[in-house]
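Subject: Structure handover

Hello,

Please find the structure below. My notes on what was found in it follow.

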Amino acid sequence: MFGSTVRGTAVAAVFLAGFAVSCGAEPATPAAAPAASSAAASASATAAPSASSPPGSSAPGPAAPAASGGPGASALPGSPPEKVRDAFAGLQATLDGSCTPSECAYFLGRVYDELHGLDAAMKADPKGPGHFPEPIALIAKLDAELGGDRSFKNLKAHQTLLIGTRDKINTWMQGHPDDYR
């Protein structure tokens with residue numbers, strides 16, 4: 001039993017190191033690498049049991065996975081937020097997605113992440129948050145409905161609002177092309 005845990009931790013560390021290199025991220029310092037791999041291993045270990053819940057079960061599931069290309073995915077701490085055009089491009093990339101049984105948690109989590117990345121970019125934009133009143137208000141309304149619960153179960157329950165918010169913001173941004181081109 002102990003051997004498989006150590007092996008799983010080693011596999012997770014190798015996977016994360018490969019992922020960091022393939023994404024063009026700066027490699028972790030040697031002192032930080034063990035802490036990062038052990039944190040990832042413990043996160044994997046805690047997520048694995050709840051991830052085995054059958055779809056549609058009433059058992060609480062894991063939080064929707066973070067989008068791999070979503071807001072802050074490759075940003076280093078202390079780096080400036082994305083530009084509005086880049087964050088909007090990420091949101092637009094979700095337009096062709098759908099909530100298929102095998103990808104629903106990923107899709108809804110990604111839409112959520114992209115909306116919040118765009119929100120952060122708009123609030124940090126040199127034009128100021130007052131330049132983006134509707135999108136910021138729509139995301140605030142979504143957050144109030146979600147009540148801080150980003151779990152797949154809650155995102156699925158609010159799927160219509162989540163997708164509707166994305167679509168309304170997309171329409172608003174299409175009417176303001178100078179903000180994303």
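What pattern does the chain follow, read along the sequence? The answer is α-α-α-α-α-α-α. In total the chain has seven helices and zero strands; helices (H or I, at least four residues) and strands (E, at least two) are DSSP runs, numbered from the N terminus.

This is a predicted model, in which local features need pLDDT of at least 70 and side-chain atom pairs count only at pLDDT 80 or more, while totals for chains, interfaces and linings use all residues. Residues are numbered from 1 along each chain as its sequence is written, and side-chain values use heavy atoms, with hydrogens and water left out.

Confidence

The mean pLDDT (the predictor's confidence in each residue, from 0 to 100) of the chain is 73, and 57% of the residues score at least 70. Over residues 19-62 pLDDT stays under 50, and the model has 14 contacts beyond four places in sequence for them; contact means heavy atoms within 4.5 Å. Residues 67-74 also stay under 50, with twelve such contacts. Where pLDDT is low, the predicted coordinates should not be read in detail.

Overall packing

The chain has 181 residues, of which 28% count as buried (under 20% relative accessible area; exposed is over 50% and partly exposed in between, with a 1.4 Å probe and protein chains only). Among contacts with a separation of 6 or more, 72% are between residues 24 or more positions apart.

The buried residues in helix 3 are Val84, Ala87, Phe88, Gly90 and Leu91. They cover an arc of only 155° around the axis, which puts them on the same side of helix 3; the arc is that of the directions from the helix axis to the C-beta atoms. Helix 4 and helix 7 are among the elements that cover them.

Thr94 lies in the loop between helix 3 (84-92) and helix 4 (104-124). Thr94 is buried, at a relative accessible area of 3%. Its side chain reaches the backbone oxygen of Leu91 at 2.6 Å. Leaving aside residues up to four places away in sequence, Thr94 touches Phe107, Arg110, Val111, Glu114 and Arg166.

The disulfide

There is one disulfide in the structure (a pair of cysteine sulfur atoms within 2.5 Å). The partners are Cys99 and Cys104, with an S to S distance of 1.4 Å. Cys104 is buried, with a relative accessible area of 5%.

Helix 5 (residues 133-146) has 14 residues and should span 20 Å at 1.5 Å a residue; its end C-alpha atoms are 20 Å apart, which agrees. The expected span is 1.5 Å times one less than the number of residues. Pro135, Ile136, Leu138, Ile139, Leu142 and Leu146 are the buried residues of helix 5. Seen down the axis, they fall within an arc of 160°, so they line one face of helix 5. Their cover includes helix 4, helix 6 and helix 7 (159-174).

Leu155 sits in helix 6 and counts as buried, at 0% relative accessibility. In sequence Leu155 and Leu108 are 47 residues apart; in space they are 6.5 Å apart, C-alpha to C-alpha.

Regards

Technical notes. Polar contact = N/O pair within 3.5 Å; in protein donor to acceptor, adjacent residues only side chain to side chain.
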